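Please read the points below with the structure open beside them.

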Amino acid sequence: MHSTLKERDKNVNWHPYTQMKGASDIIPIIRGEGTYLYDDLGNRYIDAVSSWWVTLHGHAHPYIAARVSKQLNTLEQVIFAGFTHEPAIQLAENLLKLLPNNQQKVFYTDNGSTAVEVALKMCIQYHANKGQKKSKILAFRNAYHGDTFGAMSVSARGVWTEPFGHLLFDVIFIDVPTNKNIEFLCQEIDKHATEVACFIYEPLVQGAAGMLMHKPEHLSTLMNYCRSKGILMIQDEIFVGFGRTGKLFAADYLSESPDIMCFSKGLTGGTMPLGITTCSNTIYEAFYSDEKQRALFHGHSFTASPLACTAALASMELLLNKETLARITNITRKHSIFLTKIKNEPKIKHVRQTGTIMAIELKQREETSYFSNINEIVYPYFLQRGILIRPLGNIIYLVPPYCISDADLDYIYEVITDALSL
Ligand SMILES: *Cc1c(COP(=O)(O)O)cnc(C)c1O
């Protein structure tokens, strides 16, 4: 007897964010095409969360596949210390053109967490290289910046980080800015200003926290204040970058520019792992020295993978296409119409949207928690109806690939509406 993929998987694989005991619902996917994923039993799922927020143009996109395939036959990998290659140069040139003017240099890694690690190391060493004693870090409450130790340290503390709590470095957490608290936040920052090395934040949308949103004008004010206090700013656009917010980058909504920016997820259109940390010349120059020890001693085996850089070049080409930009606008418009229609439903506590990202927070009796059972009911409910939606606790959200059709969006809205009357 042949064992099924599911059985073989259970024997050997350990899945992320998964209590493996009782994890019988893991679905083998054998093929992807556009918005759809197909399992080994022939079921089709609309990927309404872009496979953990990475897929921009749909699965197995033929253009990206062709470009990567060509690159694979040309140069698959080369050490990036002492060597370089065209995809890494072209990608850096293309990306920097789209970012705030002060972003001048690109440092490559291979995922979001490491892009954050590099950003933190840049800030801490920036001050060390300048002989300044500034090592405290400022971050938002409910932040999520990744799962490596530095990234965990600047993220919200919770059940995920509990076993490691004593090993994480101290961070000053502040609330996201609102009309009411902005003055108070500035006062709080002022108390620590002389010791703070940097402020790291997810601009506009705190994804993992449950798609929590704040206003660009308030963030701009806060950034402006940090600037005036000499606090370096790390803008983590790993989730919101590449069109999710309705504009290419969250930076396009803000009047102040960060010193450092982090990218991953949608960078390659979600096809290959790649991370990028960009920075201003001010940062770069603090490392540029006759003294070897002032260099940034950081690197990964797969730094600037030519394959991943090529995927990113192809994806960004597709992204800047007029049709893709029109799809982004269209998704934004459709989300907004839908939310207006359902926002007063009795089961709904709050609805919110930033561009193509929308979230519906359901009311629940107990405290909001990741382990709330709404998730356990809602997740299979959608799967049975051919939709991959993975609620964050009691928060149902959509982060669709831009290629999603109006018909599929309407179908998702319809199923959500039905779920609300359960
Ligand atoms: C996903 C995410 C990260 C971490 O990226 P990984 O590639 O999963 O390590 C960091 N910051 C934000 C805002 C994210 O959403």
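Which residue takes a positive phi in the hairpin of β2 and β3? The answer is in point 3, and the model throughout is a predicted one.

1. Strand β1 covers residues 29–33 and pairs with β2 in the antiparallel sense, over four bridges. Glu33 has Tyr36 of β2 as its bridge partner. Two residues lie between the strands of this hairpin, where Gly34 has a positive phi near 55 degrees.

2. Strand β2 is made up of residues 36–39. Tyr36 and Tyr38 point one way from the strand, while Leu37 and Asp39 point the other way. All four of these residues are buried, Asp39 included.

3. On to the next hairpin. Strand β3, residues 44–47, runs antiparallel to β2 and is joined to β2 by three bridges. Leu37 has Tyr45 as its bridge partner in β3. The hairpin of β2 and β3 has four residues between the strands, and Gly42 is the residue with a positive phi there, near 90 degrees.

4. Where does Ser155 lie? Ser155 is in the loop between α6 (149–153) and β6 (171–174). Ser155 counts as buried because its relative accessibility is 3%, and the cut-off for buried is under 20%.

5. Which residues is Ser155 in contact with, leaving aside neighbours within four places in sequence? They are Ala143, Tyr144, His145, Gly146 and Phe173.

Note on methods: Residues are numbered from 1 along each chain as its sequence is written. This is a predicted model: local features need pLDDT of at least 70, side-chain atom pairs count only at pLDDT 80 or more; totals for chains, interfaces and linings use all residues. Side-chain values use heavy atoms; hydrogens and water are left out. Buried means under 20% relative accessible area, exposed over 50%, partly exposed in between (1.4 Å probe, protein chains only). Two strands pair if DSSP finds at least two bridges between them. Contact means heavy atoms within 4.5 Å.
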